[in-house]
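These are my notebook entries on a structure that I had not examined before. I set down what I looked up, in the order in which I looked it up.

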Amino acid sequence: MSNQPTQLIVALDFDSLDEATRLVDAAGASVLWYKVGKQLFTRYGPDALRPLKKAGKKVFLDLKFHDIPNTVRQAVRSALDIGADMVNVHAGGGLAMMAAAAEARRPDSLVIAVTVLTSMDQQALSQVGVQSSLSDQVERLARLARQAGLDGVVASGHEITMIRAACGPDFVQVIPGIRLASGSADDQKRIMTPGAAAEAGAQFIVVGRPVTRADDPAAAASEIVRQLECGGS
């Protein structure tokens with residue numbers, strides 16, 4: 001397991017930039033990393049990142065680029081130009097596309113690939129024509145991302161150990177589908193608690209509703225960080 005502590009990323013899944021900014025203010029110093037996804041970025045574009053960068057926060061721009069290699073290369077470059085610290089692409093775009101994304105990476109940035117969405121299970125994978133088992137598909141795409149020169153992948157917590165074995169402990173794993181033990185799974189199917197993800201060796205976890213819908217976001221985030229420290233010890 002890496003000696004680096006698992007870091008919390010809070011997902012700003014809001015329609016309103018004012019709501020997102022209020023959450024960031026309420027969470028204060030308890031959260032460094034935030035995820036800006038399609039919901040907020042489609043409405044506000046680069047303006048969605050500006051209050052975060054002004055507050056000294058790190059931004060995971062979760063747009064999952066998937067296009068021809070040159071288009072993805074330029075998209076990643078543009079994302080980094082507007083202040084993203086982490087950017088992702090779909091591993092399903094193939095080796096050449098991911099290699100193009102890696103070419104746009106900067107020393108202070110992370111470019112990662114999505115393997116299989118955590119909302120998908122074996123049945124959903126079969127419906128889109130993938131006959132491999134879910135775990136085999138995740139491993140195949142993770143290995144391909146590493147071969148392409150990317151920094152890591154987005155994957156389910158249940159695949160952390162397998163990906164570490166296949167790609168090494170320094171290959172970054174960003175784990176969504178995180179829920180507190182007492183919480184609801186909502187629309188996620190392959191979920192894990194913060195402590196379990198840390199214990200398995202995740203470098204980052206992504207948490208949304210358990211923080212953004214909490215009465216006290218700072219306290220909720222601090223509790224998750226405590227669980228990460230306990231789980232990763």
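Entry 1. I began with a working term: contact means heavy atoms within 4.5 Å. The model is a predicted one, in which local features need pLDDT of at least 70, side-chain atom pairs count only at pLDDT 80 or more, and totals for chains, interfaces and linings use all residues. I number residues from 1 along each chain as its sequence is written, and side-chain values use heavy atoms, with hydrogens and water left out.

Entry 2. I looked up the overall make-up. The protein chain has 11 helices and 8 strands; helices (H or I, at least four residues) and strands (E, at least two) are DSSP runs, numbered from the N terminus. Along its principal axes, the C-alpha trace spans about 45 × 35 × 35 Å. I then compared the radius of gyration, taken over C-alpha atoms, with the globule rule of 2.2 Å times the number of residues to the power 0.38. For 233 residues a compact globule would have a radius near 17 Å, and the protein chain agrees, with 17 Å.

Entry 3. I turned to burial and surface. Buried means under 20% relative accessible area, exposed over 50%, and partly exposed in between (1.4 Å probe, protein chains only). By this rule, 52% of the 233 residues of the protein chain count as buried. The protein chain exposes about 10,500 Å², of which carbon and sulfur atoms supply 49%; accessible areas come from the Shrake-Rupley method with a 1.4 Å probe, and for residues only the protein chains shown count as cover. Among contacts between residues at least 6 apart in sequence, 68% join residues at least 24 apart.

Entry 4. I examined A102, which has its place in helix α5 (residues 95-103). Is A102 buried or exposed? A102 counts as buried because its relative accessibility is 10%. Leaving aside neighbours within four places in sequence, I found A102 in contact with A148, G149 and L150. The C-alpha atoms of A102 and R146 are separated by 10.0 Å, although the two residues lie 44 residues apart along the chain.

Entry 5. I widened the view to the whole of α5. Its buried residues are M97, M98, A100, A101 and A102. What covers these buried residues of α5? The cover includes β3 (58-65), α4 (69-81), β4 (86-90), β5 (110-114) and α7 (134-148).

Entry 6. I noted K64, which lies in strand β3. The phi of K64 is near 50°, a positive value in a residue other than glycine. Most residues other than glycine have a negative phi.

Entry 7. I looked up A26, found in helix α1 (residues 17-27). A26 has a relative accessible area of 41% and is therefore partly exposed. Apart from neighbours within four places in sequence, A26 is in contact with P217 and A218. A26 and G201 are 175 residues apart in sequence and 29 Å apart in space, C-alpha to C-alpha.

Entry 8. I located D108 in the loop between α5 and β5. D108 counts as exposed because its relative accessibility is 63%.

Entry 9. I asked how many disulfides the structure holds. The structure holds 0 disulfides, a disulfide being a pair of cysteine sulfur atoms within 2.5 Å. C167 counts as buried, at 4% relative accessibility, whereas C230 counts as partly exposed, at 47%.
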